[in-house]
Amino acid sequence: MHIGILTGGGDCPGLNAVIRAVSLALINECGAKVSGVRQGFLGLIEKRTLDLDRSAVSGILAQGGTILGTHNRCDPFHYFAAGGADVSAQLLAYVAELQLDAVVVIGGDGTMVIAERLSRLGLPVVGVPKTIDNDLPLTERSFGFDSAVAVVAEALDRLATTARSHGRVMIAETMGRYAGWIALEGGIAGAADVILLPELPYEVEAVAEFCRAREPEPGYTLICIAEGAHPKNAEMVVHQTLKDSPDPLRLGGVGAVLAHQLQERLGSEVRSTLLGHVQRGGTPTAFDRILATQFGSYAAQMVKQGRYGRMVALQAGALTDVSLAEVAGGNRRVPLDHPLLQAARGLGLSLGQ
């Protein structure tokens, strides 16, 4: 048995833990040969792989990023280096040349869309959900998310000391794209006073009124806002558009926009901090190391049993697998009746309403 592993899309903590778990499980239980594909699907197009034996995956459990490298702008069905041409046949030819029996694809929604299309062309694929945004359908948790939330919580802890010292309104803008999971969990963990999510369009005046009420006592306000959040009857703030990317919109900057809007309405000084890619970097939390290891081990069992065209998932706290066709192109957003939203309201937090 010869199995390939690749990591696609953005990097995040826990990728190396999955690579390690898949490789060791296949080597130990199946005597398989395992090859790593460099820089996601790009490596299958440009023919760049490496051997993943025991020594290659030793000591990588706690490392952030991915030892294989990744790429978030390489869609083999619209290959940027070939003017947007479909090079999927070239990719499949290289898979045949390597004599790969299957490919374990670790990635988020864009990666799963590509994996599902390749699966329909006959490539035996097993998907492993990866995204700090926690927005993949049919899995209640993806590794990397817990690590990102921990970064946000620590950032809010630090911003709170400055907010209290200066009597300021401090805004932390998180990642998350079209879903508010990072801002919601990070905001609650970091004791934010205001949490603004894409799922709940906010009213600027409502946020300003909440901050004004806090100016006398306690004298400061801590705001956690998701990059996809937006006021009612307004669009999301787009930082950049990448035409050759599977997901061309790059959100970002809503925190600065909100800071400007609030400064016009408040006596307090308002400052905004864009957390950005620090949420992706660094070592994974213990939770993410364990979850990623479980996902990798389960993916190896799926390969062993020939359950292809499917993705590992966590549902009701148990590992299972779901069809890639059900996952591809979907988005998992915060339900408006989610218990954490109810908890936030009970704590007296503002959700911008």
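**Sheet, helices and rings**

Author: This is a predicted model. Start with helix 5, residues 145–166, which lies across strand 6, strand 8 and strand 11. Helix 5 runs at about 165° to strand 6.

Reader: Which strands does helix 6 touch?
Author: Helix 6, residues 181–189, packs on the sheet and touches strand 6, strand 7 and strand 8. Its direction makes about 170° with that of strand 7.

Reader: What's the strand order in that sheet?
Author: The order is 7-8-6-11. The sheet is open, has 4 strands, and the pairing is parallel.

Reader: Which strands stand at the edges?
Author: Strand 7 and strand 11. Each has a single partner strand, so one side of each is left without a neighbour in the sheet. From one strand to the next, the twist averages 15°.

Reader: How many bridges join strand 6 to strand 11?
Author: There are 5, and the two strands run parallel. Val 169 stands opposite Val 270 in strand 11.

Reader: Switching to helix 8. Which of its residues are buried?
Author: Helix 8 covers residues 254–263. Its buried residues are Val 254, Gly 255, Leu 258, Ala 259 and Leu 262.

Reader: Where do they fall, seen down the axis of helix 8?
Author: Within an arc of 140°, so they line one face of the helix.

Reader: New topic. How many aromatic pairs?
Author: The count comes to 2. One of them is Phe 143 with Phe 295, an edge-to-face pair. Their rings are 6.5 Å apart centre to centre, with 70° between the planes.

Reader: Where do Phe 143 and Phe 295 lie?
Author: Phe 143 lies in the loop between strand 5 (125–129) and helix 5. Phe 295 is in helix 9, residues 286–305. The pair therefore ties together parts that are 152 residues apart in sequence.

Reader: Is Phe 143 buried or exposed?
Author: Phe 143 is buried, at 0% relative accessibility. Phe 295 is buried too, with a relative accessible area of 0%.

Reader: Last one. What lies over the face of Phe 77?
Author: Arg 117, at 3.8 Å from the ring centre. Elsewhere, the charged end of Arg 214 sits over the ring of Tyr 220, 5.6 Å from its centre.

Note on methods
Residues are numbered from 1 along each chain as its sequence is written. This is a predicted model: local features need pLDDT of at least 70, side-chain atom pairs count only at pLDDT 80 or more; totals for chains, interfaces and linings use all residues. Side-chain values use heavy atoms; hydrogens and water are left out. Buried means under 20% relative accessible area, exposed over 50%, partly exposed in between (1.4 Å probe, protein chains only). The arc is that of the directions from the helix axis to the C-beta atoms. Two strands pair if DSSP finds at least two bridges between them. Axes are lines fitted to C-alpha atoms, for helices over the stretch in contact, and angles run from 0 to 180 degrees between N-to-C directions. Contact means heavy atoms within 4.5 Å. Rings of Phe, Tyr and Trp (its six-membered ring) pair if their centres lie within 6.5 Å; planes under 30 degrees apart count as stacked, over 60 as edge-to-face and the rest as tilted. A charge sits over a ring if NZ of Lys or CZ of Arg is within 6 Å of the ring centre and within 35 degrees of the ring normal.
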